[in-house]
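Subject: Structure for you to look at

Hello,

Here is the structure I promised, with its sequence. Please open it first, then read my notes below.

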Amino acid sequence: MPNTRTEPGFALLVRTDGRFRLLDWPENDNQHLKILYAACDCTHIDAVTVTEALTLWVDDEGMLNGAEFNAPATRLYALHRPPHQPYFGQALFTGGTDPQGNTLGLTADEAAHLLQMLLTLGGGHIPTQRTSD
């Protein structure tokens, strides 16, 4: 089932070193797993409900396979509720789910707010301007 939002959705990738990237989150549900696995660079993904409107996706085996601790993602989670564990590896934040259980993207406002929180924490790394060589 398609999601019920009419505006484009986004996902926020938060790397272990604090670098981040805003990704497009397509309405087409059958592309979501491909995006999740590629962004989190893993083969076993886990969804962690942060709030009803925010989901954190992480490598389900990150703690076991030697992935680096993701302090920025863990801190973002902690701004919403006490963390029950640390998170390892790349992390992707999306919206909640629609009534059919499909994962929604973040709205532009939600993505901007999450980025603001990340940068306020000092956990985000603002990339330098790209130049063509």
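A contact here means heavy atoms within 4.5 Å. Keep that in mind for the neighbour lists. Also note that this is a predicted model.

**Threonine 94**

Start in strand E5, where threonine 94 is found. By that contact rule, threonine 94 touches Ala11, Trp25, Ala53, Leu54, Thr55, Trp57, Thr103, Leu104 and Leu106, leaving out residues up to four places away in sequence. Is threonine 94 buried or exposed? Its relative accessibility is 0%, so threonine 94 counts as buried. The side chains of threonine 94 and tryptophan 57 make a polar contact at 2.9 Å.

**The sheet**

The sheet is open and has 5 strands. Their order is E2-E1-E5-E4-E3, and the pairing is antiparallel. Strand E2 (20-25) and strand E3 (45-51) are the edge strands, each pairing on one side only. From one strand to the next, the twist averages 25°.

Now look at the E3 end. E3 runs antiparallel to strand E4 (residues 54-59), and 6 bridges join them. A hairpin through 2 residues connects E3 to E4. Alanine 47 stands opposite tryptophan 57, which is in E4. That is the tryptophan whose side chain makes the polar contact with threonine 94.

Helix H1 (residues 32-40) touches strand E1 (9-14), E2, E3, E4 and E5. The direction of H1 makes about 170° with that of E2. Helix H3 (residues 108-120) touches E1, E2, E4 and E5. The direction of H3 makes about 15° with that of E1.

**The cores**

In soluble globular proteins, nonpolar side chains tend to be buried together. What does this model show? The largest nonpolar core has 21 residues. Those with the most contacts inside it are Leu12, Val14, Leu56, Leu76, Phe93, Leu106 and Leu114. E1, E3, E4, H2, E5 and H3 each give two or more residues to this core. H3 gives the most, with 5 residues.

**The tyrosine pair and the loop**

The count of aromatic pairs comes to 2. One of them is formed by tyrosine 77 and tyrosine 87. The pair is tilted, at 5.5 Å centre to centre with 55° between the planes. What does the pair tie together? Tyrosine 77 lies in helix H2 (residues 71-78) and tyrosine 87 in the loop between H2 and strand E5 (91-94), so the pair ties together parts that are 10 residues apart in sequence.

Proline 83 has 39% relative accessibility, so it counts as partly exposed. Proline 83 touches Thr74, Tyr77 and Ala78, not counting residues up to four places away in sequence.

Best wishes

Notes: Residues are numbered from 1 along each chain as its sequence is written. This is a predicted model: local features need pLDDT of at least 70, side-chain atom pairs count only at pLDDT 80 or more; totals for chains, interfaces and linings use all residues. Side-chain values use heavy atoms; hydrogens and water are left out. Rings of Phe, Tyr and Trp (its six-membered ring) pair if their centres lie within 6.5 Å; planes under 30 degrees apart count as stacked, over 60 as edge-to-face and the rest as tilted. Helices (H or I, at least four residues) and strands (E, at least two) are DSSP runs, numbered from the N terminus. Two strands pair if DSSP finds at least two bridges between them. Axes are lines fitted to C-alpha atoms, for helices over the stretch in contact, and angles run from 0 to 180 degrees between N-to-C directions. Buried means under 20% relative accessible area, exposed over 50%, partly exposed in between (1.4 Å probe, protein chains only). A polar contact is a pair of N or O atoms within 3.5 Å; within protein, one must be able to donate a hydrogen and the other to accept it, and residues adjacent in sequence count only if both atoms are side-chain atoms. A nonpolar core is a set of buried Ala, Val, Leu, Ile, Met, Phe, Trp, Tyr and Cys residues joined through side-chain atoms within 4.5 Å.
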